[in-house]
Amino acid sequence: METSSAAERVTSRFIAGHTLEREVSVCRRLNAEGILASLDHLGESVTSLQEAERSRDAYLSALDQIATLGLKATVSIKLTQLGLDFSEAECRANVEQLVQRAKMIGTTVEVDMESSAYVDRTLALVSDLHARFGGVRAVVQAYLYRSESDIEDLCRQSIPVRLCKGAYQELSDVAFPHKPDVDRNYVRLMTKLFEHGTYPAIASHDERIVQRAVQYVRERNIAPDRFEFQMLYGIRRDLQRQLVARGNRLRLYVPYGDAWYPYFMRRLAERPANVLFLVRNLLKS
Ligand SMILES: Cc1cc2nc3c(=O)[nH]c(=O)nc-3n(C[C@H](O)[C@H](O)[C@H](O)COP(=O)(O)OP(=O)(O)OC[C@H]3O[C@@H](n4cnc5c(N)ncnc54)[C@H](O)[C@@H]3O)c2cc1C
């Protein structure tokens with residue numbers, strides 16, 4: 001299914017394509033429109049350390065392309081894709097190579113946050129790499145109760161943070177079960193990041209949150225180069241264009257590769273209307 005052409009027609013709204021070449025051409029187009037990118041080579045929960053090494057190599061090739069073509073892009077990685085479930089030491093070695101290469105070419109490695117079982121290990125690795133090399137960004141999920149304290153820790157260490165709502169199924173003993181509470185927590189954490197954070201990334205398509213951010217920075221005269229908005233490729237293109245037209249920095253998270261299934265399913269789960277879109281396209285094809 002992951003390599004079928006019918007599936008490609010359906011997934012192309014959210015995914016740049018199967019190859020790095022396609023990814024690069026999407027990034028060039030975005031850069032030409034004044035939009036920054038973050039390259040995500042799809043794949044998570046790999047099943048062997050060899051697979052993790054292949055993921056690392058795919059990212060090294062992506063970083064080479066960023067350098068050669070002068071793309072305005074970071075890379076976004078998942079630790080389970082780089083072997084965390086098999087060996088913390090091997091995973092660390094893989095990520096370290098990426099961070100060192102990224103640093104050499106003047107870009108950043110953004111470490112996505114996965115389900116709550118990984119948060120401690122992910123933040124520990126990010127802190128360590130930040131202290132040794134710099135050039136990493138952590139991700140915090142507003143649906144977790146612990147996130148306020150994580151943000152305080154990350155701000156103390158001057159680690160840049162991407163704030164998102166959170167995309168995994170979590171139990172109510174670790175995460176707010178009701179969306180309005182997640183949204184309220186997002187705004188509280190966002191304010192904290194604007195006050196104490198280093199180059200925060202406001203990652204949301206929620207128009208009310210985006211407007212709150214725009215209003216907050218305007219009232220406090222925070223310059224547009226002190227933070228960025230982030231959105232996912234293919235979602236709320238109208239809002240993306242609006243933000244850029246008004247002089248804001250926007251980075252799109254652009255996934256590519258064959259292993260699109262879990263990513264695509266999270267996008268469907270976030271918005272029931274996407275299932276209708278999927279069915280319509282399947283009927284058409
Ligand atoms: C750049 C970026 C990086 C991310 N990284 C991570 C990460 O590392 N870990 C993690 O757990 N999560 C991550 N996420 C996902 C995030 O946690 C949310 O699941 C997702 O962004 C939806 O939340 P929202 O803030 O857009 O708000 P919502 O309240 O869910 O959505 C607000 C509006 O956005 C639009 N929208 C949202 N999602 C969709 C969709 N799938 N399809 C179509 N329209 C949609 C709709 O108009 C909706 O009304 C990331 C999101 C972004 C933008």
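A quick word on ground rules. Because the model is predicted, local features need pLDDT of at least 70 and side-chain atom pairs count only at pLDDT 80 or more, while totals for chains, interfaces and linings use all residues. Residues are numbered from 1 along each chain as its sequence is written, and side-chain values use heavy atoms, with hydrogens and water left out.

Let's start with helix α6, residues 147–156. Helices here are DSSP runs of H or I with at least four residues, strands are runs of E with at least two, and both are numbered from the N terminus. Which residues of α6 are buried? They are Ser-147, Asp-150, Ile-151, Leu-154 and Cys-155. By buried I mean under 20% relative accessible area, with exposed being over 50% and partly exposed in between, using a 1.4 Å probe and protein chains only.

Now look down the axis of α6: the buried residues fall within an arc of 135°, so they line one face of the helix. That arc is taken from the directions running from the helix axis to the C-beta atoms. As a reminder, an α-helix has 3.6 residues a turn, so residues three or four places apart point the same way.

What do those buried residues pack against? Their partners are α5 (119–132), β4 (136–141), β5 (161–164) and α7 (179–196), where contact means heavy atoms within 4.5 Å. Just after α6, have a look at Ser-158, which takes a positive phi of about 55°.

Let me stay with Cys-155 for a moment. Cys-155 is buried, at a relative accessible area of 13%. How many disulfides does the model have? The count is 0, taking a disulfide as a pair of cysteine sulfur atoms within 2.5 Å. For Cys-155, the nearest cysteine sulfur belongs to Cys-164 and is 15 Å away. Cys-91 is buried too, with a relative accessible area of 1%.

On to charges. The structure holds 29 salt bridges, each being a side-chain nitrogen of Lys or Arg within 4 Å of a carboxyl oxygen of Asp or Glu. Two of them tie α6 to α7. One joins Arg-188 and Glu-148, at 3.7 Å from N to O. That pair links distant parts of the chain, with Arg-188 in α7 and Glu-148 in α6, 40 residues apart. Arg-188 is partly exposed at 45% relative accessible area, and Glu-148 is partly exposed at 26%.

The other joins Glu-152 and Lys-192, at 3.0 Å from N to O. Here Glu-152 is in α6 and Lys-192 in α7, again 40 residues apart. Glu-152 is partly exposed, with a relative accessible area of 33%.

Elsewhere, Asp-206 forms a salt bridge with Arg-208, and the closest N and O atoms are 3.9 Å apart. Asp-206 counts as buried at 14% relative accessibility, whereas Arg-208 is exposed at 61%. There is also a network, built from salt bridges that share partners: Lys-78, Glu-110, Asp-112, Arg-137, Arg-162, Glu-228 and Arg-251.

Next, two residues in neighbouring topics of the talk. Phe-194 is found in α7 and is buried, with a relative accessible area of 11%. Leaving out residues up to four places away in sequence, Phe-194 touches Pro-200, Ile-202, Ala-213, Tyr-216, Val-217, Ile-222 and Phe-227. Thr-122, in α5, counts as buried at 2% relative accessibility.

Finally, the ligand. How many residues surround the ligand? There are 26, and the closest are Lys-165, Gly-166, Ser-204, His-205 and Glu-270; a residue is near if one of its heavy atoms lies within 4 Å.

A backbone N or O atom of Ala-167 lies 2.9 Å from a ligand oxygen atom. A polar side-chain atom of Lys-179 lies 2.7 Å from an oxygen atom of the ligand, and a polar side-chain atom of His-205 is also 2.7 Å from a ligand oxygen atom.

Terms used: Polar contact = N/O pair within 3.5 Å; in protein donor to acceptor, adjacent residues only side chain to side chain.
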